[in-house]
Each structure stands twice: as structure tokens, then as C-alpha cells.
Amino acid sequence: MSNTFSNKFVANEKNLALLKDTMWGPNGIRQAEELASHFTITKDMKILDLGCGMGLSALYLVQAHGADVFATDLYADPTDNHKRFKSLGIAEKIVPMLIDATQPLPFAKRYFDVIFSVGAYNFFGDNKEMLPKLIPYVKKGGYIAVAFPGLKYEFGSNVPPEMQPFWAVPDVARCIRGIEWWRELWSKTEGIEIVNISEMVCHDIAWKEYLAARNPCIEDEKWDLDMMAAEGGKYFNTIQLIAKVI
């Protein structure tokens with residue numbers, strides 16, 4: 001997997017400042033590049049970016065591939081994202097939208113070449129209904145590709161002692177699951193052909209770049225720093241799932 005775009009991106013001081021201001025988790029530029037390496041994206045494609053956050057994955061899809069992107073999120077302000085895209089000179093290629101992925105999507109069926117999601121799918125896709133719901137929006141031969149934080153193995157009721165304080169936080173146990181759990185969930189879905197389910201190579205560096213930008217004086221950011229220090233590289237991974245619509 002080439003990470004040429006990511007390496008060039010983070011080598012620029014202006015881009016590093018942008019990352020510090022916009023990362024909501026492990027570096028989404030690196031995750032997007034690795035995720036996209038499993039299939040071909042061209043400039044004539046339309047891509048639905050679900051859970052785009054502050055737009056790093058959309059930025060990658062436009063700058064690296066020239067695709068047209070619908071950048072959607074439930075919590076990021078689309079007006080703020082549009083201003084950011086405009087300042088980067090990519091606003092004409094991105095439609096920023098406020099969308100709840102769990103609700104009916106306001107798009108035509110078979111409209112998109114790719115549904116893409118970095119760092120968000122595990123929050124709304126941890127059920128048997130979500131993937132079948134998304135498939136009809138993708139053209140036959142198109143792709144659904146997602147990446148998000150996960151576990152090397154399921155904890156079940158045996159949560160390691162050092163991780164128990166973090167697993168006591170609502171929704172953490174629901175959203176951070178093992179790779180085999182996700183493999184079983186996606187493998188049961190009809191209408192797709194699994195292309196790749198694996199741990200991402202960029203896991204360590206994407207987290208390192210994110211944590212380096214966190215402020216321990218801010219409670220939410222300190223929580224991430226404390227959790228990753230407690231985890232110590234033993235339990236977490238970043239999971240990618242790519243499926244072709246057939």
C-alpha cells in the first residue's frame with residue numbers, strides 16, 4: 001500500500017496545522033489513502049462520504065483522485081465545512097450536508113460509485129440493517145469501503161483491567177468491536193462480494209499523529225491520551241472493510 005499522498009501531506013506545515021484543527025480521531029488522511037488503495041477511484045466518480053467529520057476524507061478523495069464528493073455528517077456544521085473546502089480550493093467538488101446515516105438517505109438509488117466512511121461507521125453500522133440499507137445507493141460494480149477503530153479480539157465479559165474504566169463509558173463497548181465480529185456481520189449480507197477485511201497498516205502512525213495534536217488540559221482530549229496510554233498497543237487496531245456491490 002502506497003502512502004505517497006499522506007507522507008507529502010503531513011510534510012507540509014500548513015497541512016499539519018489543518019490536521020491539528022480538524023482531526024476527530026486517528027489521522028483520516030492516512031486511513032482514507034489506505035482504504036482507497038483496494039479499488040480504483042477516478043475523477044468521474046460520485047462518492048458518498050458518510051460521517052466525514054471536518055472533511056479530511058473528502059479532502060483526500062478530491063485532491064488525490066478528483067472525485068465528486070457528498071461530504072455528510074450528523075455533527076459537523078456543513079457551513080463550516082464548506083468554508084474550509086473553499087479555503088482549500090476544492091469547494092466546487094464537494095457538497096457538504098447534514099445527514100443522519102441511520103435515517104432514509106435523500107439520494108437516488110444506484111447514484112453513487114462508492115460509499116466511503118472513515119472513523120464513523122462503527123457508531124451507526126454495528127447492526128445487521130445498515131449495510132443492506134446502503135447497498136441500493138451504490139451502482140452495480142461499485143464499492144462500500146469503511147475504516148474505524150476496533151479490537152484485535154473481542155473482549156466479551158473479560159475486559160482487561162486497565163481498559164475497564166474506559167469500557168464503563170456509554171457506547172464504548174458497543175462501538176469498539178473485534179475484527180472477527182465485523183467479518184461475521186458483513187459476511188452474512190447478500191448483494192455484495194467481500195474485497196478486504198483486515199487490520200490497517202497505518203494504525204500506529206495515524207494514532208501517533210492524532211495523539212501528538214491532543215491537549216491534555218482539555219478533558220475529552222485527555223481521555224483519548226489516557227486510553228491509548230493504558231492500551232499500550234496491546235488491544236486496539238483499525239479495521240477496514242471493503243465490499244463490491246454485485
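Strands β6 and β7 run antiparallel and are joined by 7 bridges; helices (H or I, at least four residues) and strands (E, at least two) are DSSP runs, numbered from the N terminus, and two strands pair if DSSP finds at least two bridges between them. Ile192 stands opposite Val245 of β7. The model is predicted, with pLDDT of at least 70 needed for local features and 80 or more for side-chain atom pairs, while totals for chains, interfaces and linings use all residues. Residues are numbered from 1 along each chain as its sequence is written, and side-chain values use heavy atoms, with hydrogens and water left out.

Strand β7 (residues 236-245) also pairs with β5 (residues 138-151), in the antiparallel sense and over 9 bridges. Within this pairing, Val146 has Leu241 of β7 as its bridge partner, and Ala147 has Gln240 of β7. Of the 10 residues of β7, 9 are buried, so the strand is largely enclosed by the rest of the structure; buried means under 20% relative accessible area, exposed over 50%, and partly exposed in between, with a 1.4 Å probe and protein chains only.

The complete sheet is open and has 7 strands in the order β3-β2-β1-β4-β5-β7-β6, with mixed pairing. Its edge strands, β3 (94-98) and β6 (192-199), each pair on one side only. On average, neighbouring strands of the sheet are turned by 15° against each other, direction ignored. Axes are lines fitted to C-alpha atoms, for helices over the stretch in contact, and angles run from 0 to 180 degrees between N-to-C directions.

Helix α3 (residues 28-36) lies across β4 (112-118), β5, β6 and β7, and runs at about 140° to β4. Contact here means heavy atoms within 4.5 Å. Gln31 lies in α3 and is buried, with a relative accessible area of 2%. Beyond its neighbours within four places in sequence, Gln31 has contacts that include Val118, Ala147, Phe148, Met200 and Thr238. Leu35 is also placed in α3 and is buried at a relative accessible area of 0%. With residues up to four places away in sequence not counted, Leu35 touches Phe116, Ser117, Val118, Ala145, Val146, Ala147, Met200, Gln240 and Ile242. The C-alpha atoms of Leu35 and Ala147 are separated by 7.1 Å, although the residues are 112 apart along the chain.

Trp207 lies in helix α11 and counts as buried at 8% relative accessibility. Its contacts, neighbours within four places in sequence aside, are Pro26, Met227, Met228 and Thr238. Between the C-alpha atoms of Trp207 and Asn27, 180 residues apart along the chain, the separation is 6.6 Å.

The largest pocket holds about 1300 Å³ of space. Of its 46 lining residues, Trp24, Gly25, Gly119, Ala120 and Phe123 are the closest to its centre. A pocket is an open set of points on a 1 Å grid over the protein atoms alone, with protein on both sides within 12 Å along at least five of seven lines, where a 1.4 Å probe fits; lining residues have an atom within 4 Å of a point. Grid points are joined across faces, edges and corners, and a volume is the space filled by probe spheres set on the points. Elements giving two or more residues to the lining include α3, α6 (121-124) and α11 (203-212), and α12 gives the most, with 5 residues. By class, the lining has 26 nonpolar, 12 polar and 8 charged residues; Ala, Val, Leu, Ile, Met, Phe, Trp, Tyr, Cys and Pro count as nonpolar, Asp, Glu, Lys and Arg as charged, and the others, Gly among them, as polar.
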